[in-house]
Amino acid sequence: MVIIYHSNTGFTRQYAEMLAKAEKLKAYSADEAPAGLEEPVFFMGPLMAGHITGLDKAVKRYKVKGVCGVGMSPASQQVMDLLAKSNYTAGGALFYLQGGWAPEKVGWVKRRMVGAATKSIREGLQSKGSRRSPEEDQQLNFLIHGGSYVAYENLKPVQEWMKTL
């Protein structure tokens with residue numbers, strides 16, 4: 001198996017490199033992946049409005065056996081349901097990992113899109129003022145300033161699936 005990934009701000013690349021090292025696999029960015037690759041592929045890409053960036057192209061080019069979306073939200077059944085509905089995985093396994101948010105690494109259009117998508121959450125948290133829990137303070141800080149939730153432990157479900165192949 002080979003890992004192919006698309007990354008905008010580096011969180012997906014970090015996960016791909018961690019997974020490749022742990023499982024002794026090769027990892028290529030989508031732009032660097034060799035043409036005519038015959039090995040099975042595990043594709044990883046960032047989420048943009050629920051769609052895994054680069055997935056459509058990867059499914060057309062490679063034998064995609066598994067797919068992983070990387071986004072800002074904590075992992076949940078709701079996120080998995082959205083991924084399954086919004087992405088064609090060619091029958092491959094589907095995973096989600098919480099990555100991060102790096103507003104300084106994206107253009108103003110994406111910053112505005114994320115700002116609009118998270119506005120009600122931010123406003124709700126801000127309205128709580130001193131009644132916010134430490135977790136809510138952390139979430140508000142993340143939405144405003146960015147941060148990373150990339151962690152090796154998050155890869156465990158993907159690694160367990162890879163052992164079944």
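This is a predicted model: local features need pLDDT of at least 70, side-chain atom pairs count only at pLDDT 80 or more; totals for chains, interfaces and linings use all residues.
The largest pocket holds about 940 Å³ of space. Its lining counts 37 residues, and Leu47, Gly71, Met72, Ser73 and Thr118 are the closest to its centre. Helix 1 (11–23), helix 3 (77–86), helix 4 (108–128) and helix 5 (134–145) each give two or more residues to the lining. So much for the helices. Strand 3 (40–48), strand 5 (63–71), strand 6 (93–98) and strand 7 (100–101) also give two or more each. Helix 4 supplies the largest share, six residues. By residue type, the lining of the largest pocket divides into 21 nonpolar, 15 polar and one charged.

**Nonpolar cores**

The largest nonpolar core has 20 residues. Within this core, Leu19, Phe42 and Met44 have the most contacts. Strand 1 (2–5), helix 1, strand 3, strand 5, strand 6 and helix 6 (156–163) each supply at least two of its residues. The largest share of this core, five residues, comes from helix 1.

Take Met44 as an example. Leaving out residues up to four places away in sequence, Met44 touches Ile3, Ile4, Tyr5, His6, Thr12, Tyr15, Ala16, Leu19, Cys68 and Leu97.

Another core lies apart from the largest one. This other core has 17 residues, including Val2, Ile4, Val41 and Val64.

**Salt bridges**

The model has five salt bridges.

| Lys | Glu | N to O distance |
|---|---|---|
| Lys63 | Glu38 | 3.3 Å |
| Lys119 | Glu123 | 3.8 Å |
| Lys128 | Glu136 | 2.4 Å |

Lys63 and Glu38 pair through their side chains. Lys63 lies in strand 5, while Glu38 sits in the loop between strand 2 (26–29) and strand 3, so the bridge ties together parts 25 residues apart in sequence. Lys63 is partly exposed at 43% relative accessibility. Glu38 is exposed, because its relative accessible area is 56% and the cut-off for exposed is over 50%.

Lys119 and Glu123 are both in helix 4, four residues apart, or about one turn of the helix. Both ends are partly exposed: Glu123 has a relative accessible area of 43%, and Lys119 has 45%.

Lys128 is partly exposed at 30%.

How values were computed:
Residues are numbered from 1 along each chain as its sequence is written. Side-chain values use heavy atoms; hydrogens and water are left out. On a 1 Å grid over the protein atoms alone, a cavity is a set of points where a 1.4 Å probe fits but cannot get out, and a pocket is an open set with protein on both sides within 12 Å along at least five of seven lines; lining residues have an atom within 4 Å of a point. Grid points are joined across faces, edges and corners, and a volume is the space filled by probe spheres set on the points. Ala, Val, Leu, Ile, Met, Phe, Trp, Tyr, Cys and Pro count as nonpolar, Asp, Glu, Lys and Arg as charged, and the others, Gly among them, as polar. A nonpolar core is a set of buried Ala, Val, Leu, Ile, Met, Phe, Trp, Tyr and Cys residues joined through side-chain atoms within 4.5 Å. Buried means under 20% relative accessible area, exposed over 50%, partly exposed in between (1.4 Å probe, protein chains only). Contact means heavy atoms within 4.5 Å. A salt bridge is a side-chain nitrogen of Lys or Arg within 4 Å of a carboxyl oxygen of Asp or Glu.
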